[in-house]
There are 4 protein chains.
Amino acid sequence: MGAGYTDAAIEARLSSIAIDLNSDLGEGFGAWSMGDDESLLSVVTSANVACGYHAGDATIMRRTCENAVKNGVRIGAHVSYRDLAGFGRRTIDVAAGELISDIIYQIGALAACAQVAGGTVSYVKPHGALYNRIVWDQDQAAAVVQAVRLYDPGLAVLGLPGSQFLGLAQQAGLQAVPEGFVDRAYDDEGRLVSRRQPGSVIHDAARVTAQAVRLATDGSVISVTGSTVRPAPRSLCLHGDTPGAAELARQVRASLRQAGVRLRAFV
Amino acid sequence: MGAGYTDAAIEARLSSIAIDLNSDLGEGFGAWSMGDDESLLSVVTSANVACGYHAGDATIMRRTCENAVKNGVRIGAHVSYRDLAGFGRRTIDVAAGELISDIIYQIGALAACAQVAGGTVSYVKPHGALYNRIVWDQDQAAAVVQAVRLYDPGLAVLGLPGSQFLGLAQQAGLQAVPEGFVDRAYDDEGRLVSRRQPGSVIHDAARVTAQAVRLATDGSVISVTGSTVRPAPRSLCLHGDTPGAAELARQVRASLRQAGVRLRAFV
Amino acid sequence: MGAGYTDAAIEARLSSIAIDLNSDLGEGFGAWSMGDDESLLSVVTSANVACGYHAGDATIMRRTCENAVKNGVRIGAHVSYRDLAGFGRRTIDVAAGELISDIIYQIGALAACAQVAGGTVSYVKPHGALYNRIVWDQDQAAAVVQAVRLYDPGLAVLGLPGSQFLGLAQQAGLQAVPEGFVDRAYDDEGRLVSRRQPGSVIHDAARVTAQAVRLATDGSVISVTGSTVRPAPRSLCLHGDTPGAAELARQVRASLRQAGVRLRAFV
Amino acid sequence: MGAGYTDAAIEARLSSIAIDLNSDLGEGFGAWSMGDDESLLSVVTSANVACGYHAGDATIMRRTCENAVKNGVRIGAHVSYRDLAGFGRRTIDVAAGELISDIIYQIGALAACAQVAGGTVSYVKPHGALYNRIVWDQDQAAAVVQAVRLYDPGLAVLGLPGSQFLGLAQQAGLQAVPEGFVDRAYDDEGRLVSRRQPGSVIHDAARVTAQAVRLATDGSVISVTGSTVRPAPRSLCLHGDTPGAAELARQVRASLRQAGVRLRAFV
């Protein structure tokens, strides 16, 4: 590789032989269902399983773990603020000490479900408003990191490249895994364009699969202004809760394999 | 020992050198508190810790586990129907499969809190309406037993002597521990007199401590008609949620020690 | 009419010029949706709106009331046990006094949503496990009746013909409206065949519409053994939460109108 | 009155003949209790009744309304974010449209309980984190105002003097009632000193009663730097959830009457 490559680019390229695909699963609750879990489990390598705080109940968690194990898919704890009515999408100013406890509780509940299903929890991914908050909020980011460390420092964490969360996780000795988004527009700093902006979500299948392949093979993405930025993700996040999402996820998977990318869980 | 002793009496007497004292702890929720946990933790040898379904939240569960560990008190999962509004005191016709999942979820959540506090969950005790239901309901009793077996067959279970629950637990190879009540009247079959009957709860301290000593040393209790019945408990349940309860618990402990009974967790 | 007609049959026939169609609506919660409310609102004359205890949140309740008002559909409070996790489908042994309060709370919450939408709550229909329980349980049936009377004795109640609930409601001076089921099999006593029995739910569209027309025009239904029984319903319940349900509801409506039945709310 | 008096001072003095005393009531939940409602109901003229979002369940709400009616105390809806686990003390970034619905739901549920108890809801007071948030957050403040207007523009609202909430309420034509705090330190702008600052809460009974009398008779308070500021409250907030709080409330009431202040609800 030439002199023009940054370390991050080289690292991304070297790891480009393989990438993880993750998706949110088990997001029903009681009589309500959401998403097409069955289809997604045949596509992804890592399942972010809701733990009962934003979605998921004990029965759904067990079933999701069983299906993940059957499909050889890694199980991650998709931890959230305690907010079923808001699906974890509303920021809550929870005190750090309570957040630590809430995260530990959720991981433990899922760990029991995973264990009974013959699996294990391999990583932790914050959900929704918590995910977004700990991009910049040091207190809450540190609380999530501390919860994982206290419970099991062998767990990986999945989050946004450049976030406070991943930074603190790395400092704490956790395996901190940055993820990329195949259907979201990036700005020139490598941040996601806010969903409130037009064009923030990419619906065109060809553009989505192209972005997936570029992120996986080169670690880079073309920003909304046309620049090349390098989030260097080790996992790509696929959504499953909109019509056609599962089909698009399949296309992403197919495109990646066609480009010679191996699909492999990061843990 | 003379010919007049039944096997149960002999067994009770042999084990009378030691008995466990258990109490419900961690039954606050959010801003609400209940009971005098601090006092009880200096009295009992086993703590039935609420797991968030009838009481307890993640922060209270962690704190209760920390205090149990500090006091050398065993931690048990006080599992319940999902009913915060009813404090787990209302029977719910939950399907067996869902009940299994609910129990696994609760044990796992508490196990994480216990682990982080340097402890471990040693046993499972059903709470409130669930406790009473599985005295006779085979389906729900079998569901709780199955949940414990699936999660960890090394866990003990604590319940009512003669209940379907303890019977099925024993058949399943679990350590099934019968408990006695120091302040409840018993009928001639060794069952508790319903709380709706007058005289079902004993308030007189002298009678309570006498019943505690007899249950611990002889395995027996004098029924409401004056007969001697033998529940042969290996643990005595102390309540802490009424005024004066903690003081009464202390008196029970003192009376037991004075009678030469060692206080020792059953696991 | 000839001498062979019972009073009930005559009453049913006289009222057969018009019938009400009711359906469960607003049964989403937060991010979760259920059923095809939009389609059903163009079919039914009465909307049983979930009040937050088994489904429905404040935002969904307001929107459902707004849509009911737009469509000229009556609003009923679909009251339930407090059990979001179980969708109100699990019997709960709630004390009568608490049940009274729970019902009042739900009606009031919906009344506010209806009022803001320019409508009003016209009736109360118990949901799920509560509906089934008060077919025979006098205490809980009396509690629901008492709640309605205390809140507003001008409200009608909708329930199963022959149930304790409708009997007690009538005695209490409430307008007690019996409903029929277009897609459920009846036994010779005019009771619904349990869902656990094969054939309890009728899937064939022709049989469903035929049963609807007979119930509406003659008050009668052919039982599983071929007998004619007369539930004499003043409202027919249509389901909307299964695939094809909204289409079937439309066919029922069309068949009724073709048979000369006017569709009219009972209040 | 001399030339040195500002309009606000004169207005405060003229209205000083009477003041309202309000307190948070009905803040238990299920098996949990909080505060000394019975004592406070003999002290205050207005009861802020929890509506089930931060505390209170249907049974507690009915009982609290019954006791308020018996004591001739006005009933206000103490509306909150939906957060039982956090007792409504954590800010939630709920969307304005959802907040409007949530407020309407709560007022309606309480209105039903009040009506059945022979009373009526007279005013709305936001609770906890919502109260603090709408001091400055225009969107959420406007949402609460809009909810009250939609439900009943005849309802008064109770809040912090100078808050966005009271300002918008007044603009919307609602009766906007400013309240004062007898046991909280004020800064020179007439704002409350943050609870995180030492000395923010006044515990000395003599200072509390003196501040109560000054607020009631002169509309003013001595700030932490010794300046005189004029919140000109029409209601004084008394707390009841700490030990000795009910006794202190009684002393405040006695001191006010001794100073010739009549206690009278603002609506």
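Predicted model: local features only at pLDDT ≥ 70, side-chain atom pairs only at ≥ 80, totals over all residues.
**Stop 1: where chain B meets chain A**

Start by selecting chains A and B and hiding the rest. The contact draws on 26 residues from chain A and 26 residues from chain B. Together the two chains bury about 2,000 Å², and carbon and sulfur atoms account for 61% of that area. How many salt bridges are counted between chain B and chain A? The count is 0. Polar contacts are another matter: 8 residue pairs are found across this interface, with both partners at pLDDT 80 or more.

Now colour the helices of chain B. Which of them gives the most? Helix α4(B) does, with 13 residues. If you colour this side of chain B by residue type, you will find 15 nonpolar, 6 polar and 5 charged residues.

**Stop 2: a salt bridge between chains D and A**

Bring all the chains back into view. Over all of them, the structure holds 32 salt bridges. R90(D) sits in the loop between β3 (74–79) and α4 (96–116) of chain D, while E98(A) belongs to helix α4 (residues 96–116) of chain A. Buried or partly exposed? R90(D) is buried, at 8% relative accessible area, whereas E98(A) is partly exposed, at 31%.

**Stop 3: a pair within one helix**

Next, select R250(A) and E247(A), which form a salt bridge of 3.3 Å, N to O. Both are found in helix α9 (residues 245–258) of chain A, and they are 3 residues apart, about one turn of the helix. R250(A) is partly exposed at 37% relative accessibility, and E247(A) is also partly exposed at 37%.

**Stop 4: a loop and a helix in chain C**

Move to chain C and select R230(C) and D218(C), joined by a salt bridge of 2.9 Å, N to O. R230(C) is in the loop between β8 (228–229) and β9 (235–238), and D218(C) is in helix α8 (residues 205–218), so the pair ties together parts 12 residues apart in sequence. Here D218(C) is buried, with a relative accessible area of 10%, while R230(C) is partly exposed at 33%.

Finally, select D83(A), R90(A) and E98(D), which are joined into one network by salt bridges that share partners.

Technical notes
Residues numbered from 1 in each chain as written. Chains lettered and ligands numbered in written order. Heavy atoms only, no water. Contact = heavy atoms within 4.5 Å. Buried area = accessible area lost by both parts, 1.4 Å probe. Salt bridge = Lys/Arg side-chain N within 4 Å of Asp/Glu carboxyl O. Polar contact = N/O pair within 3.5 Å; in protein donor to acceptor, adjacent residues only side chain to side chain. Helix = DSSP H or I, 4+ residues; strand = E, 2+ residues; numbered from the N terminus. Nonpolar A, V, L, I, M, F, W, Y, C, P; charged D, E, K, R; others polar. Buried < 20%, exposed > 50% of the residue type's maximum accessible area, 1.4 Å probe, protein only.
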